Amino acid sequence: MFFRYLSLLFKKLLNFVTMRRVITRVINRVLLSEVFTPAMGVEAEMHTQGRRRLVVGLGNPGMEGTRHSVGMAVLGALASRLGVSDRWRGDKHVSGEVIVSEVEHTHVVLLRPKLLMNINGVSVAKAAGKYGIRPEDILLVHDELDKPLGKIAIKLGGSARGHNGVRSCVDCLQTDEIPRLRVGIGRPSGRTSVERHVLGRFNSEEQKLLESVLVQSVDVLLAQITPRDPQEQPRKGPKTDTKQSPSSPQGGNTHRAKRKMEDRDPSPVAQKTS
């Protein structure tokens with residue numbers, strides 16, 4: 001009797017999760033139904049000139065400083081490093097805030113979606129369409145439960161691994177060939193729920209470590225954004241040497257069979273936390 005009850009409960013839970021994903025997907029489609037016409041100016045020029053990259057800090061608007069919005073913190077640190085942190089402007093066409101800049105002849109768009117995490121992909125897809133940026137030239141920055149705070153890793157596409165923001169981006173862009181910078185936040189300890197953990201703020205000890213995480217995360221992003229030396233040999237596969245700086249992913253040509261190698265740490269920021 002107990003096992004029958006447990007089985008029914010599991011089925012109901014599975015149906016709830018499935019239904020929630022279906023509803024989220026429908027919302028994504030509705031919000032993306034608006035036809036966008038690129039504006040004249042810098043945006044229009046980016047459709048025809050030079051290399052373009054879109055860097056997105058995933059998170060929840062109004063919840064900056066929480067673990068789930070650490071992607072936004074990294075993006076803010078990147079804007080500060082580039083000296084453009086005072087240039088954020090709201091853009092209703094992409095449902096977010098953007099900065100358009102240039103890094104070593106590469107046009108770079110920084111995006112902070114103003115939509116909830118579960119539908120962040122709508123903002124990302126709109127920005128990609130507006131600025132003429134391919135999915136493989138987008139860099140998503142997001143929190144990662146399966147890595148402790150102090151660890152970061154580049155992932156060159158593949159499964160969303162349960163991250164709702166990434167899942168929304170995959171759904172809206174209709175491809176999983178989207179590079180990501182995964183920033184570890186660790187799993188909750190004791191009886192703390194995952195939801196409470198990710199929506200909570202970093203404590204004082206974590207804040208100290210977070211400063212180092214932000215610095216190295218920006219270093220990794222800049223290494224991904226800037227063009228490689230033209231004389232460098234084409235990259236045949238992801239590097240697994242954690243002492244090497246990660247190179248830019250090449251146009252979505254990465255084979256799915258190699259993805260297990262792509263999930264790597266580009267050198268630890270600090271020792272693992274407990």
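Predicted model: local features only at pLDDT ≥ 70, side-chain atom pairs only at ≥ 80, totals over all residues.
**Salt bridges and sheet architecture**

Across the whole structure, a search identifies 10 salt bridges.

Aspartate 137 and arginine 53 are both buried.

A salt bridge is also formed by arginine 81 and aspartate 219, whose closest N and O atoms are 3.0 Å apart. This pair likewise links distant parts of the chain, helix α3 and helix α7 (residues 204-225), across 138 residues. Arginine 81 is partly exposed, at a relative accessible area of 41%, and aspartate 219 is partly exposed at 38%.

Between glutamate 97 and arginine 112, the closest N and O atoms of the salt bridge lie 2.6 Å apart. Glutamate 97 is in strand β3 and arginine 112 in strand β4, so the pair ties together parts 15 residues apart in sequence. Through shared partners, salt bridges join Arg53, Arg134, Glu136 and Asp137 into one network.

The strands form an open, mixed sheet of 7 strands in the order β2-β3-β4-β1-β5-β7-β6. Strands β2 (89-91) and β6 (152-156) each have a single partner, so one side of each lacks a neighbour in the sheet. From one strand to the next, the twist averages 30 degrees. Strands β5 (residues 138-144) and β7 (residues 179-184) pair in parallel over 5 bridges, and valine 141 stands opposite leucine 181 in β7. Helix α3 (residues 70-82) packs on the sheet, and its direction makes about 140 degrees with that of β4.

Definitions and conventions:
Residues numbered from 1 in each chain as written. Heavy atoms only, no water. Pairing = 2+ DSSP bridges. Helix = DSSP H or I, 4+ residues; strand = E, 2+ residues; numbered from the N terminus. Axes fitted to C-alpha atoms, helices over the stretch in contact; angles between N-to-C directions. Contact = heavy atoms within 4.5 Å. Salt bridge = Lys/Arg side-chain N within 4 Å of Asp/Glu carboxyl O. Buried < 20%, exposed > 50% of the residue type's maximum accessible area, 1.4 Å probe, protein only.
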